[in-house]
Amino acid sequence: MIRRTITTPSSLTGLVTLLALAAMAQQPAAPGNTDTEVTSDNGRFIVSYETRLQPIVINRIHSWVFHIESAQGEAVEDAQVDVIGGMPVHDHGLPTLPQATQHLGSGNYLMEGMKFHMNGWWQITVTVITADATDTVTFDLVL
Ligand SMILES: [Cu+2]
């Protein structure tokens with residue numbers, strides 16, 4: 001006959017509580033996903049980016065081009081595109097205030113003034129505003 005050790009409910013609860021506390025105490029040091037194409041939080045836009053400095057190095061001002069499509073895959077023209085960014089683990093923002101300076105057509109927008117001053121995990125949050133919708137996309141990247 002096989003004997004099994006049965007975990008009692010009380011010790012199981014204790015273990016789950018310990019694991020939950022450990023998870024709360026430790027912030028992740030790196031993002032799980034560094035995709036360059038992301039669907040916006042409310043599903044209104046699909047946004048991707050290319051950088052005009054490749055690879056990105058720190059302390060160099062450069063430009064990004066964002067490509068914005070509707071959920072149906074049509075290029076989004078005449079949007080207002082705002083960017084903020086920062087390092088989630090360090091709790092600070094970008095050292096510059098990037099501006100969308102040019103609508104390049106076909107849903108492409110030139111963002112000038114991008115600069116990173118530290119290596120590590122950065123988040124870039126893009127807000128897209130059109131006559132119909134406002135929605136936000138967050139990109140994670142590691143330098
Ligand atoms: Cu930092």
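Guide: What follows begins with the basis of the model and its overall layout, then turns to the aromatic rings, and ends with the metal site and some threonines.

This is a predicted model, in which local features need pLDDT of at least 70 and side-chain atom pairs count only at pLDDT 80 or more, whereas totals for chains, interfaces and linings use all residues. Residues are numbered from 1 along each chain as its sequence is written, and side-chain values use heavy atoms, with hydrogens and water left out.

The protein has one helix and nine strands (DSSP runs numbered from the N terminus, H or I of at least four residues for helices and E of at least two for strands), and from the N terminus the order is α-β-β-β-β-β-β-β-β-β. Of its 143 residues, 33% are buried, where buried means under 20% relative accessible area, exposed over 50% and partly exposed in between, with a 1.4 Å probe and protein chains only. Taking contacts (heavy atoms within 4.5 Å) between residues at least 6 apart in sequence, 61% join residues at least 24 apart. The accessible surface, from the Shrake-Rupley method with a 1.4 Å probe, comes to about 9,200 Å², and 52% of that area belongs to carbon and sulfur atoms.

Now to the rings themselves. A pair of aromatic rings is described by the distance of the centres and the angle of the planes. Rings of Phe, Tyr and Trp (its six-membered ring) pair if their centres lie within 6.5 Å, and planes under 30 degrees apart count as stacked, over 60 as edge-to-face and the rest as tilted. A search of the whole structure finds seven aromatic pairs. One of them is the stacked pair of Tyr 49 and Trp 64, with 4.2 Å from centre to centre and 15° between the planes. Because Tyr 49 lies in strand E2 (residues 45-51) and Trp 64 in strand E3 (residues 62-70), this pair ties together parts that are 15 residues apart in sequence. Tyr 49 is buried at a relative accessible area of 11%, and Trp 64 is buried at 0%. Trp 64 also pairs with Phe 116, in a tilted arrangement with 6.1 Å between centres and 40° between planes. Here the partner, Phe 116, sits in the loop between strand E7 (108-114) and E8, so the pair links strand E3 to a part 52 residues away in sequence; both Trp 64 and Phe 116 are buried. Tyr 49, Trp 64 and Phe 116 belong, together with Phe 66, Trp 122 and Phe 139, to one aromatic cluster.

The copper ion is coordinated by Met 87 (SD), His 90 (ND1), His 92 (NE2) and Met 118 (SD), at 2.0 to 2.4 Å; donors are N, O and S atoms within 2.8 Å of the metal (3.2 Å for Na, K and Ca), and since water is not among the atoms, sites may look incomplete. The four donor atoms subtend angles of 97 to 130° around the copper ion, which makes the arrangement tetrahedral, a label that requires four donors with all angles between 85 and 135 degrees. Along the chain the donor residues follow the spacing M-x2-H-x1-H-x25-M. Met 87 is buried, at 2% relative accessible area, whereas His 92 is partly exposed at 24%.

Strand E8 (residues 121-129) holds Thr 125, and Thr 127 has its place in strand E8 too. Beyond four places in sequence, Thr 125 contacts Asp 82, Val 83, Ile 84, Thr 136, Val 137 and Thr 138, and its side chain makes a polar contact of 3.3 Å with the side chain of Thr 138. A polar contact is a pair of N or O atoms within 3.5 Å; within protein, one must be able to donate a hydrogen and the other to accept it, and residues adjacent in sequence count only if both atoms are side-chain atoms. Thr 127, partly exposed at 22% relative accessibility, touches residues including Gln 80, Val 81 and Thr 134. Finally, Thr 96 lies in the loop between strand E5 (92-93) and strand E6 (99-105) and is buried at 19%, and its side chain reaches the backbone oxygen of Gly 113 at 2.6 Å.

Technical notes. Tetrahedral: all angles 85-135°; square planar, octahedral: opposite > 155°, others 65-115°.
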